[in-house]
Amino acid sequence: MTRKTRRHSRRRTAPSRRSAFVLVVVLIVIVLLSLLAAGYSLMVRSHVDTVETRIQSYQLRMAAEAGIQLAVTILRDRQGDLSAWYNNPDELRAVPFDGADEEGVATIDKANEERTYDRTADPIFRFSLIAPDPDDPDKVRYGFTDECARLDLNNATEQQLRRLFNDVIPQTTEDAVDINILVDSLLDWREAGDTARPNGAKDAWYGALYPPYRAKKAPFSTVEELLLVRGFEGWIVYGEDYNQNGLLDPNEDDGDLSFPPDDGDGKLFQGVARYFTIWSQEANASADGRPRIFLNLQDLEKLQEDLEEEFDSDIVSYIIGVRSSGKTFNSVMNLLPAPPPPETDDTASDNTTPAQSGDSDATSQPADENEEMTPEEFADQIAGIQASENTSTPPPSYANLTEEEPPGTIEDLPLILDRLTVLPTPIFQGRINVSTAPKPVLRGLTDLSDAEVDAIIAARRELSPAERSSPAWLLANGVLDENRFRQILDKVTTKASMYRIESVGYADHLGVIERILVILQMRGPIPQVIYYRNLNALGPAYTPHGDETRGLRAGGAGSSN
């Protein structure tokens with residue numbers, strides 16, 4: 001090849017190399033721009049998904065809030081109607097939030113109980129008001145709970161506390177819980193003074209912890225405050241019910257395989273917090289919200305005027321006659337003839353309702369924590385205490401206020417209990433609702449025997465909500481005799497002013513829920529939120545598209561009927 005030809009070839013090759021380099025650069029730029037476009041698209045998609053998630057979360061929360069507002073409406077208009085709020089699936093289950101078609105879409109395949117959410121369906125948001133069922137722990141009920149169905153943490157006596165802890169806390173021979181420490185420490189925490197009980201704790205004990213703190217020496221502000229008290233670890237306060245739905249879920253019955261800790265015995269220990277409240281209040285008012293008539297009112301003309309609007313003339317005449325003679329009523333039961341004395345020689349005769357029986361003496365308590373006891377000895381001593389507590393206090397006898405027999409009858413009793421009072425206080429604290437309280441709380445009525453508590457639970461299951469709306473059903477249905485009924489009357493109720501409402505918002509096309517817990521106080525027709533908590537952090541708790549009967553399953557769906 002000649003020199004001229006080689007120079008010409010080099011001139012032709014140089015532009016080709018430059019073109020190839022430019023092509024590579026262009027390809028790299030295209031790739032980078034594609035990556036940037038893909039990244040931007042993913043970022044936009046992520047933001048869109050985030051916005052959609054927030055919108056859905058907001059809609060679910062609004063659905064749950066709508067459930068709270070429905071509860072307010074029911075309590076304002078039908079607070080005295082137990083059937084309206086205690087267990088009312090027709091009105092309180094799967095309520096459409098936005099007025100959409102109630103049928104919605106098929107969201108649960110009932111044949112295999114698998115999730116089949118149709119995300120392309122028209123969104124229908126709903127809410128359900130859900131509460132534990134004290135008479136059937138395997139189910140939920142659709143309603144809410146009055147706080148009088150729980151034991152008042154700030155007013156419970158030592159005997160009531162000891163009985164509750166013995167009843168609900170599982171005891172094992174390997175790791176027995178010292179009930180003495182729990183009872184003494186709880187009482188020391190809420191009571192003033194610096195001297196601790198034998199098994200309790202005051203500032204000296206809490207000051208030795210890290211970090212140190214002091215005993216409150218004042219009433220509890222929340223039930224969760226129990227976690228600060230000596231002996232009340234998380235397992236005792238909340239038990240195995242980690243998501244606090246009252247149902248036995250798979251992870252709460254698998255031993256050490258997963259959190260939370262549980263014994264895998266097929267039974268759900270719900271913790272002691274389930275049975276306590278600091279809001280056990282009942283207004284001294286009738287079912288329709290009117291203040292009760294004070295029987296010992298000094299203005300007899302006003303008293304007679306008020307009574308004539310409610311009662312027959314014979315009852316009005318008897319009340320005015322008693323008051324005109326200078327006597328006072330010590331119980332509304334003075335309007336009924338006094339029952340015969342109980343068949344015992346140990347009763348004292350008076351016409352007042354006696355105070356609650358005292359606490360067990362120290363000799364009946366388990367040994368101090370410093371004493372060496374085998375697990376078998378500890379279990380035997382606990383059993384001995386429970387056996388001794390099963391012996392009820394004999395009811396006292398009662399007498400009429402006048403020689404004339406009172407005209408009231410058992411048929412008059414619901415109206416008498418609803419409209420009359422001998423206590424001018426506007427609020428009653430710590431009374432127990434015999435129509436709604438679970439057995440461990442009913443056992444707080446320490447004047448009653450185990451047989452009487454069981455009889456109350458068995459009888460109320462057969463009664464309609466209307467029949468359970470007054471404590472009179474205990475007497476009218478022969479559950480308690482008249483002496484025992486009078487003995488516990490000032491400690492029981494079938495009403496409340498404070499209600500625990502758990503609202504669950506969900507959607508037909510989604511598999512997530514929003515849980516809100518509210519404590520609502522009714523001041524007549526005026527509602528006031530006392531406590532508000534979002535329970536989403538506790539994790540899944542319900543599959544409200546079907547009927548909850550056994551808690552969450554491994555696949556995430558509850559049992560459907």
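## Overall make-up

The model is predicted. The chain has 561 residues, and 45% of them are buried. Its secondary structure comes to 15 helices and 17 strands.

Contacts between residues at least 6 apart in sequence reach across the chain. Of these, 68% join residues at least 24 apart.

## Helix α8

Helix α8 runs over residues 300-308. Which of its residues are buried? They are Leu303, Asp306 and Leu307. These residues lie on the same side of α8, because they cover an arc of only 100° around the axis. The general rule behind such a pattern is simple. An α-helix has 3.6 residues a turn, so residues three or four places apart point the same way.

## The largest pocket

The largest pocket holds about 920 Å³ of space. Its lining counts 34 residues. Closest to the centre are Pro137, Lys267, Leu268, Gln270 and Tyr275.

Three helices each supply at least two residues of this lining: α4 (158-168), α12 (439-442) and α13 (450-461). The largest share comes from α13, with 4 residues. By type, the lining of the largest pocket divides into 15 charged, 14 nonpolar and 5 polar residues.

## The second largest pocket

About 460 Å³ of space lies in the second largest pocket. How many residues line the second largest pocket, and which lie nearest its centre? There are 30 lining residues, and Gln79, Ala285, Ser286, Ala287 and Gly289 lie nearest the centre.

Two or more residues come from each of α1 (3-78), α2 (82-85), β9 (281-283) and β16 (513-523). Helix α1 gives the most, with 4 residues. The lining of the second largest pocket divides into 12 nonpolar, 9 polar and 9 charged residues.

Key: Residues numbered from 1 in each chain as written. Predicted model: local features only at pLDDT ≥ 70, side-chain atom pairs only at ≥ 80, totals over all residues. Heavy atoms only, no water. Buried < 20%, exposed > 50% of the residue type's maximum accessible area, 1.4 Å probe, protein only. Arc of directions from axis to C-beta. 1 Å grid on protein atoms, 1.4 Å probe; cavity = no way out; pocket = protein on both sides within 12 Å on 5 of 7 lines; lining within 4 Å. Points joined across faces, edges and corners; volume = space filled by probe spheres on them. Nonpolar A, V, L, I, M, F, W, Y, C, P; charged D, E, K, R; others polar. Contact = heavy atoms within 4.5 Å.
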